[in-house]
Amino acid sequence: MVSYRSVALTTLLATLQPRSMFAFTPVASSAARRTALLRGASSIYSISSTARFMSTTDTAEEEKAAPTVIPNPEAYEKLKMEELVSLCKRRGFIFPSSEIYNGMAGFYDYGPLGAELKKNIKDAWWKHFVHGREDVEGLDSSIIHNPTTWKSSGHLDGFSDPMVDCKETKLRFRADQLFYAPVVLKESGERVGYVLVQEANDEDMMKDAKKQAKKLLKGTDNKGAEIEAFAFRDLTEATEEEMSEIPSPASGKPTLTMPRDFNLMFQTNVGAMSDEASVAYLRPETAQGIFINFKNAMGTSRAKIPFGIAQIGKAFRNEITPRNFIFRSREFEQMEVEYFIPPGDDVWEPFHKQWMEDSKDFLTSLGLREDLMGWDVHEGDGLAHYARACTDITFRFPFGVQELMGIAARGNFDLTQHSEGSGKNLDYFCDATKEKYIPHCIEPSLGVDRLFLALICSAYAEDEVGGEKRNYLSFSPKIAPVKVSVLPLLKNKEPLVKAARELYDKLRKRWNVSWDATGAIGRRYRRADEVGTPFCVTIDFDTIEKDGSVTVRDRDTTEQIRIPMEEVIPYLSKQIDGY
Ligand code: ATP
């Protein structure tokens, strides 16, 4: 089966509606996902359940104590994707992969600051969902599984996207990311041709469609004629007759093939022989590694349902058109939980709701801007036949509103499939009810790289300090790649440097801290702001000659306070870690 996504269409249609429809209220959408369409059947067990949510520890309290990020909405509205990509490269967050060999489409390398930010995101997730809960344990499975895994899970037969080829230019496109509309004259109702636009932000898609329509009208002697509003549909819905008139985005002529399925799994060979028997796949998601370890992980942790297994790791998808920077790449990381629950029609819903809330709370606790987030409820075609529900948390990136993460109630499809495929019993025995069942599960699934991008977008800020424009990243201290920058007022005054160095050595036992001794203090502050360092500590003559106090400067407010040297660590701990 294929994935026919209509997120972009939803986005495009939303140009006519206020943005608030994407706020944290349910947005009904017919968006379908490839994962939602994997084949399979679920058998529904019906026992009543006394399942309750497990309590979290006081991590939540710690998170609340962290300072809030100051967003700068105006700056983000003007931000273009090219600027963001260039900023990420300039400041050492993300580089094109193997750039010295002209790069590799769909692959990226994370630079010194990017590696730190990514690690902080993963650590925060692990702390929140694994260490912070009594009912979730971690796992780290291999990337390559026995290939039967993918047969059972349905990926071998169904993990595909619809693809079209341009016969003239030989370029490939994802059919569900292309939108076509007839150009119909208002006066006569005559159709003079079609426009076809690629998925982008609303404004750019509309601009492109209008430009194409103008050209079409000119070429058909209808220059300046009024036309009906565009009725966009994604290319997977085009008939052969329509396709014979729809222009290719590459050639501008009707040279596209009809859509066909393209499996997204990367294939490799294991061992010395490259024959059929050695074929294996790089995992396209981390979730299946959890399902195939269900018995092992449950048994060794002596867990009782409801219980979750969490995993962070690389996933690989041979995306037809990797686009929008790290939003859709061919190698990425996922953070997933399979939260196993008892079966029953009335059981899953409160768990699903709770995971939606917990996911939202986690994201906002990292400083993700709530005003850019929304819900996208899958319904109808967008929902797999075995799934009870699936809701995405969306984010408004510069290229439009897109899925950031999904929270699915998947029934017991996966464990049932693996039990059948392996011939192994994957039942759970409930001590309390003395019943055996294959557990159902809730699956919150979040991409590290997508969250990384959303966090950079949320942190992007501009203001004016001392009459000068300032460009900075207002990361929450919790995820900021560098937490503190230590600055000796002068680099050639030995006692100053010595005192600063001592503090620096102490601080870096706890956090990632930078040392900056060159240039005017103002310039050094600006350098720290640019990479999102929340605090600068300056050691000056008062520190060594007078009262032993230091200056601590806050990145967002630029306010400076004077505190005794021995209070620096307790003060920063409160600001950074929340305790
Ligand atoms: P999309 O519809 O955008 O392709 P999906 O619905 O196929 O995404 P899932 O299979 O549900 O995505 O994967 C879970 C999460 O993994 C996504 O919400 C996203 O955060 C991340 N993800 C999926 N594909 C990619 C990719 N190609 N690049 C980066 N992150 C990805």
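This note goes through a predicted model point by point, from its overall make-up to individual residues.

1. Overall make-up. The protein contains 18 helices and 27 strands. Of its 579 residues, 55% are buried. Where contacts join residues at least 6 apart in sequence, 70% of them link residues at least 24 apart.

2. Helix α4 and its two sides. Helix α4 spans residues 81-90, and Met 81, Leu 84, Leu 87 and Cys 88 are buried in it. Viewed down the axis of α4, these buried residues fall within an arc of 120°, so they line one face of the helix. Glu 82 and Arg 90, on the other side of α4, are exposed. After the helix comes Gly 92, which has a positive phi near 80°.

3. The cover over α4. The elements that cover the buried residues of α4 include the strand β2 (94-96), the helix α14 (448-459), and the strands β21 (460-465) and β22 (468-473). The axes of α4 and α14 lie 12 Å apart, and the two helices pack at an angle of about 105°. They are therefore roughly perpendicular to each other. On the α4 side the residues that meet α14 are Met 81, Leu 84 and Cys 88, and their counterparts in α14 are Leu 453, Ile 456 and Cys 457.

4. Two residues lie between the strands of the hairpin, where Gly 466 takes a positive phi near 60°.

5. Strand β15. Of the six residues of strand β15 (residues 373-378), five are buried, so the strand is largely enclosed by the rest of the structure. Its pairing with strand β16 (residues 389-397) is antiparallel and extends over five bridges. Asp 376 stands opposite Asp 392 in β16.

6. The sheet β6-β5-β10. Three strands make up this open sheet, in the order β6-β5-β10, with antiparallel pairing. The edges are taken by β6 (172-174) and β10 (260-263), each of which has a single partner strand, so one side of each is left without a neighbour in the sheet. On average, and with direction ignored, neighbouring strands here are turned by 50° against each other. Strand β5 (residues 160-165) is joined to β6 by three bridges, and Val 164 has Phe 173 in β6 as its bridge partner.

7. The sheet β8-β7-β9. This open sheet also has three strands, in the order β8-β7-β9, and its pairing is antiparallel. Its edge strands, β8 (191-198) and β9 (233-234), each pair on one side only. Strand β7 (residues 178-184) pairs with β8 over seven bridges, and Tyr 194 in β8 is the bridge partner of Pro 182. Helix α8 (residues 202-219) packs on the sheet and touches β7 and β8; the direction of α8 makes about 150° with that of β8.

8. Helices α15 and α18. Helix α15 (residues 494-507) and helix α18 (residues 568-577) have axes that come within 11 Å and cross at roughly 40°. That makes α15 oblique to α18. The crossing is right-handed. The contact is made by Leu 503, Lys 506 and Leu 507 on α15, together with Val 568, Ile 569 and Leu 572 on α18.

9. Backbone points to check. Most residues other than glycine have a negative phi, and most peptide bonds are trans. Against that background, the peptide bond from Ile 305 to Pro 306 is cis, with omega near 10°. Pro 306 lies in the loop between α11 (294-300) and β13 (307-316). Lys 170 has a positive phi, near 65°, and is found in the loop between β5 and β6. With a relative accessibility of 65%, Lys 170 counts as exposed. Thr 558, which is not a glycine, likewise has a positive phi, of about 60°. Thr 558 is placed in the loop between β26 (549-554) and β27 (560-564), and is partly exposed, with a relative accessible area of 26%.

Definitions and conventions
Residues are numbered from 1 along each chain as its sequence is written. This is a predicted model: local features need pLDDT of at least 70, side-chain atom pairs count only at pLDDT 80 or more; totals for chains, interfaces and linings use all residues. Side-chain values use heavy atoms; hydrogens and water are left out. Buried means under 20% relative accessible area, exposed over 50%, partly exposed in between (1.4 Å probe, protein chains only). Helices (H or I, at least four residues) and strands (E, at least two) are DSSP runs, numbered from the N terminus. The arc is that of the directions from the helix axis to the C-beta atoms. Contact means heavy atoms within 4.5 Å. Two strands pair if DSSP finds at least two bridges between them. Axes are lines fitted to C-alpha atoms, for helices over the stretch in contact, and angles run from 0 to 180 degrees between N-to-C directions. Angles under 35 degrees count as roughly parallel, over 145 as roughly antiparallel, 65 to 115 as roughly perpendicular and the rest as oblique. A crossing is left-handed if the near helix is turned anticlockwise from the far one by less than a right angle, and right-handed if clockwise.
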